[in-house]
Amino acid sequence: MQWHNKESRKPLNTKKMKLIAQLQHLDRLDDLIRRKATGSSDQLAARFGCSRRTIYNYLKTLQELGAKVSYCDQRRSYYYETPLPGDLHGLLYPGEAGSEE
C-alpha cells in the first residue's frame, strides 16, 4: 500500500488517504460478493471496521457503478445479479497479475 505521492515523495493528505481506503474497501467488497462470501451486513461492518450504514453506502456505490446486488438468506451472502461492468481491481491496481489490461 502506498501512502505517498511517487513523484514528490510527499505524504498524501487525509482526504486522499480516506478515498484510497474507501476504494480498497469497494475492491474487497466486490471480491467477496463475486465469491458469495460476504456474510451479513453486520459481519461485513465488523470485518471492514466500519458501520453497517457505511456497508450500505458501499453497496449503493457498486449499484451506481452498474452492478445489481442482492442478498441471499440461505447463503447469508450478498451476490451479483448483474456484476460490475469491468474490473474494479484492475482499475485500482493496474499491471498486477490478474487485472485486465
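A residue is called buried here when its relative accessible area is under 20%, exposed when over 50%, and partly exposed in between (1.4 Å probe, protein chains only). The model is a predicted one, in which local features need pLDDT of at least 70 and side-chain atom pairs count only at pLDDT 80 or more, while totals for chains, interfaces and linings use all residues. Residues are numbered from 1 along each chain as its sequence is written, and side-chain values use heavy atoms, with hydrogens and water left out.

Rings of Phe, Tyr and Trp (its six-membered ring) pair if their centres lie within 6.5 Å; planes under 30 degrees apart count as stacked, over 60 as edge-to-face and the rest as tilted. F48 and Y58 make a tilted pair, with 6.5 Å centre to centre and 50° between the planes. Both F48 and Y58 are buried. The second pair, Y71 with Y78, is edge-to-face at 4.8 Å centre to centre and 65° between the planes. Y71 counts as partly exposed because its relative accessibility is 32%, whereas Y78, at 10%, counts as buried.

The buried residues of α3 are I55, Y58, L59 and L62. These residues cover an arc of only 100° around the axis, so they sit on the same side of α3; the arc is that of the directions from the helix axis to the C-beta atoms. On the face turned away from this buried side, α3 carries the exposed residues R53 and E64.

Notes: Helices (H or I, at least four residues) and strands (E, at least two) are DSSP runs, numbered from the N terminus.
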